[in-house]
Amino acid sequence: MRPVTRFFIVTLLLHSGLVLQAEQPKSARVNLGEDGLLTGIPGEGPLKEAEIKAWLAKPENHVTLEVSLPKGLDASTANLAIPEDNPLTRAKIELGRQLYFDARLSSDQTISCASCHSPSEGYGAKTQFGVGVGGQTGNRNSPISYNRILSKAQFWDGRAASLEEQAVGPIANPIEMGNTHDACIECVGAIPGYAMQFKAIFDDGVTIDNVGKALASFERAIVTGPAPYDYWNPLAKFKEVFALDLEDMDALRSEDPDLAKQYDDMVAAAQKHPMSESAQRGMTLFFGKANCALCHAGGNFSDEQYHNLGVGMEVDDPDLGRYVVTKEEKDKGAFKTPTLRNVALSEPYMHDGSQKTLEEVVAWYNKGGHKNPWLSDKVKPLNLTEQEEKDVVAFMKEGLTGPFPKVEENRLPE
């Protein structure tokens, strides 16, 4: 058949719906936070070797991804932390997803990463402390595992220099997953579906370092989507800059229709992502009188620094946090500032899980924390009224809660 004739026949059939278009190759450009990257190898039930082999055979799954961040969070693009020796690929993220939800990494095959960092519990745990093998607990609350692509040092005290290092720590911790690294890689390497993926993705196959690289890649892809704040904040700034122009909308629509349309679009976007009047007042307080933004700064609402808030410092032998790592006097009782994005989904709060609600957290800050020799100079009585406290809480609950990307939790290698 002549090429031209074939072109017209295929075109006609496409328009008539009788021919399905071939699957388009996936782009190397991805916007983190959107659905599709964490949903696993297509199919149902346990992952079969044939499915894994077909997935690995697609070149696009091994291409280094060029990532961007969602609206609002993209203000922290300069803080993206992806090591040169561990570039993101779809295949590596998918391998990390499987490992994240697989309890076979633990000594008794009951605890996975998701046991303490569950999607259904805001990628944290509702218990005060994480619960490991044999029901053992430590003395710190489970930190969330999303938006970690914007952070280098990990854990409440920053003792892990990278997400890769953090990812393998709990495996060998006797009160968490209670395994050894050697036993873990022996178990993983004995599962054909895993062995096949490690061989295809890493030059040296199944090693504990590569387990860490895969887990870290998955966690870097867990990113929160835009929250109402990300639509209301631009609108508030626009109103401030163009206050005089907005006083006469009829004149603005006539004299500068483009600016008027920009305003109308911002208003429409904010209305599609509503915040109550209380939350809007709370947004103003958050960046003003309440001084929250002194530490909860930037697109991810965290300065990634360590501060002593006085939490737990009233006891005789307090957890000294960052000091244990640095041995610097100033770091006694200091812990890392967590992100406030989706914070309403991950109670309880503080490094020791001692505060069950955001209301308790705001009340703690309002009174100026608990006095001790190392209390951060940023923690001072705020003199918020009862209503103002409620408004700040409303902003965190309504204004900072965005969607998580869909994630497949159950499809693991046979």
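## Rings, burial and contacts

Colleague: Why does Tyr 263 count as buried?

Modeller: Buried means under 20% relative accessible area, exposed over 50% and partly exposed in between, with a 1.4 Å probe and protein chains only. Tyr 263 has 16%, so Tyr 263 is buried. Bear in mind that this is a predicted model, where local features need pLDDT of at least 70, side-chain atom pairs count only at pLDDT 80 or more, and totals for chains, interfaces and linings use all residues. Residues are numbered from 1 along each chain as its sequence is written, and side-chain values use heavy atoms, with hydrogens and water left out.

Colleague: How many aromatic pairs does the structure hold?

Modeller: There are 16. Rings of Phe, Tyr and Trp (its six-membered ring) pair if their centres lie within 6.5 Å; planes under 30 degrees apart are stacked, over 60 edge-to-face, and the rest tilted.

Colleague: What makes the pair of Phe 238 and Phe 242 tilted?

Modeller: Their ring planes meet at 40°, so the pair is tilted, with the centres 4.6 Å apart. Phe 238 is buried at 5% relative accessible area, whereas Phe 242, at 26%, is partly exposed.

Colleague: Why is the pair of Phe 238 and Tyr 263 called stacked?

Modeller: The planes are 25° apart and the centres 5.9 Å apart, and the stacked class needs planes under 30 degrees apart. This pair links distant parts of the chain: Phe 238 is in helix H9 (residues 229-241) and Tyr 263 in helix H12 (residues 257-272), 25 residues apart. Helices here are DSSP runs (H or I, at least four residues), as are strands (E, at least two), numbered from the N terminus.

Colleague: What places Arg 322 over the face of Tyr 306?

Modeller: A charge sits over a ring if NZ of Lys or CZ of Arg is within 6 Å of the ring centre and within 35 degrees of the ring normal. Arg 322 lies over the face of Tyr 306 at 4.3 Å from the ring centre. Lys 332 lies over Tyr 323 likewise, at 5.0 Å.

Colleague: Is Tyr 365 buried, partly exposed or exposed, and how do you know?

Modeller: Its relative accessibility is 25%, so Tyr 365 counts as partly exposed. Tyr 365 belongs to helix H15 (residues 358-367).

Colleague: Which residues is Tyr 365 in contact with, leaving aside its neighbours within four places in sequence?

Modeller: They are His 296, Leu 309, Met 350, Lys 380 and Leu 382; contact means heavy atoms within 4.5 Å.
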